[in-house]
Amino acid sequence: MNAQITVASIAHPRLRHWPWFVLALIALAITFMPLPVGAGAPVSHDLRIAASQYNFDPGVIRVNPGARVTIELASTDVVHGLYLDGYGLEVTADPGQTATLSFIADKSGTFRFRCSVTCGPLHPFMIGKLKVGNNTLLWRGMALALFATAVGLWRFR
Amino acid sequence: MTRYDLIRIPAARALLVNRWPQFLVRCIALVGFLFAIIAGLWGTPVGSRNFSIVFVWIAWWASLILVAVPLFGRGWCTFCPIPMPGEWLQNRALLGPWGRKPPFGLGRKWPKALRSIWLQTGAFALLALFSAIILTRPGVTAIILAAFLFMAIGASLIFERRAFCRYLCPVGGFIGLYSQAAPLEVRVRDTAVCATHTIKTCYTGSEAGYGCPWGVFPGGLVKNTYCGTCLECLRTCPLDNIAINIRPAGADLSQSRGRKLDEAFKAFIMLGSAFVYSAVMLGPWGQLKTAAYAIGSLPWLLYVLAFLAFVFVFLPGLFYLFARAGRSLAPSRQNVRRSFTAYAYALVPLGLAAWIAFSLSFVFANASYIWMALSDPLGWGWDLLESANYDWTPYLTQYVPVLQTLVLVVGLAWAGVTARRIAQEDNNPTAWRQAIPINLFCLFVTVGFLWLLVG
């Protein structure tokens, strides 16, 4: 008699799926639970980004949430632009010139910025990252991945 | 598992058995394909303004990887125009086999030693090494498309059936792999009916249609990988025994029959390529992009070595260690090689999710080029639809990371379920433990993709 007796197997039919409800609730909690967006005073950041064919230098910039960010885009070869995902902001710099973009980093997370002016064959892949505080989406994603793995192993043990 | 046969719907059956709808769609696709070659060769060299780059690598690719493969498996192969000219020559006919003329060409059988997907895998890896220029330079895209066309014609004239599709097409190779995850299949309704049907018109052909162009006997189909959903068997079966089923997604992955090492390696190559592409094309490392683009230079050679080592050695090697670790947790009646091969099928949903997540990034960011390329496909200053001067506008890029996260987590969960089902084939109560290291491998890979794409 190897039949395994579990609470779910002897419960009222309407209650048999309770483990899944609990798991769904945990997944929802991971997805929507408020997380700290990051510490640090909302100071001003004056940043210079050098744009050359297919490269932003620096490629990754970090600022505090709520900070006033001023980006000086300096193009070193051809015309380049900078479009910031999530914020929908754009600036263009002519060769050898600079152009400035200022904004308040009021959305936290990691945002791609990409060249917005066709600058050569690899133009669609000229990408950088702006990190504003904690990347809660990444942490949630990792937690969900870990949770999915753990649930799977528990369910099929 | 429950299945719903679409052929039971009279209108669906009529639509699919009739040659004209498929033929017309394929003709339109062929015109687009030939125009992509023309645009690539004679249009502007600016990729984002050229029909060949925009329609092949944004519009077609998005349709393929985000819709066709996940939902319809080899649905693209049903309408692919590449084998058409070769088939016309081989069949001496444009539309159907009426009159049953003998095939044109040498009609040789494909060499036994090459009956695998290793050539397709090699072809994909070769293209991947040059992907930075293929994806961005219209002339190179045109040459590759033309090469596909001429190879398909050549294969049709030398070998029987669709040898190019079955054994050479680098795109068909990965579509076949991922079609196992699709919720659609072509199967026979009753294998006993096939057994009593001595003529096997589905394989040999009849007045109603050609023998399976993919060289597959439908009665023996257990997975989608080598069925091109060309619908010929639907036309040639006189016993109404062919079904096109809607089924649970990924049903083939739990099918223990027909697992092979070449398919397992295809799963690694695809997963590894998605990882490398995510780093090179979507990462913030300009030097990596330049290295991938500078064909023939030392940085490119180093990139090539790193790419090949990662997809052919590191990833399979690491997975092998995890598979061995699984065997140490629970006994297995399979040898290590068979375990390694079987568990590699868990990477099919993971890899498909990785490719979808990777593609979401650049498809949404660059889809607005489609309107410009429609209006001025050659970049010659035309403005056919008055949209040639639209500004580049990234669509929904703020939501893409959320979508990517969801897709990757679903892919991981699906891979985990698949691994555990494969473990349970061992029929012992502790077999599930074999899947623990495989699940951890999938978890690490998913975290890596999350870091690259969302981090």
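Reader: Which residue stands opposite Leu84(A) in S8(A)?
Author: In this predicted model, Leu84(A) stands opposite Phe113(A) in strand S8 of chain A.

Reader: And in which sense do S5 and S8 of chain A pair, parallel or antiparallel?
Author: Strand S5, residues 80-84, and strand S8, residues 109-114, both of chain A, pair in the antiparallel sense, and two bridges make up that pairing.

Reader: What sheet do they belong to, and in what order do the strands run?
Author: They belong to an open sheet of five strands in chain A, whose order is S3-S9-S8-S5-S6 and whose pairing is mixed. Strand S3 (60-63) and strand S6 (89-93) stand at its edges with a single partner strand each, so one side of each has no neighbour in the sheet. On average, neighbouring strands of this sheet are turned by 20 degrees against each other, direction ignored.

Reader: Switching to the interface, how many residues of chain B are in contact with chain A?
Author: There are 40 residues of chain B in contact with 35 residues of chain A. On the side of chain B that touches chain A, the elements giving two or more residues are helices H14 (261-282), H15 (286-293), H18 (347-366), H20 (400-424) and H21 (435-453) of chain B.

Reader: You mentioned H15(B); why is it described as largely enclosed?
Author: Seven of its eight residues are buried, so H15(B) is largely enclosed by the rest of the structure. The buried ones are Gly286(B), Leu288(B), Lys289(B), Thr290(B), Ala291(B), Ala292(B) and Tyr293(B).

Reader: What covers them?
Author: The cover of the buried residues of H15(B) includes strand S2 (55-57) of chain A, along with H7, H14 and H16 of chain B.

Reader: What about H6(B), which of its residues are buried?
Author: In H6(B), the buried residues are Gln120(B), Thr121(B), Ala123(B), Phe124(B) and Ala128(B). Viewed down the axis of H6(B), they fall within an arc of 160 degrees, so they line one face of the helix.

Reader: What do they pack against, and how far does the helix reach?
Author: The buried residues of H6(B) pack against helices H7 (131-134), H9 (163-168), H10 (170-178), H14 and H16 (298-329) of chain B. Helix H6 of chain B, residues 118-129, has twelve residues and reaches 17 Å from its first C-alpha to its last, close to the 16 Å expected at 1.5 Å a residue.

Conventions. Residues numbered from 1 in each chain as written. Chains lettered and ligands numbered in written order. Predicted model: local features only at pLDDT ≥ 70, side-chain atom pairs only at ≥ 80, totals over all residues. Pairing = 2+ DSSP bridges. Helix = DSSP H or I, 4+ residues; strand = E, 2+ residues; numbered from the N terminus. Axes fitted to C-alpha atoms, helices over the stretch in contact; angles between N-to-C directions. Contact = placed C-beta atoms within 7 Å. Expected span 1.5 Å × (residues − 1). Buried ≥ 20, exposed ≤ 12 C-beta atoms within 10 Å, placed from the backbone. Arc of directions from axis to C-beta.
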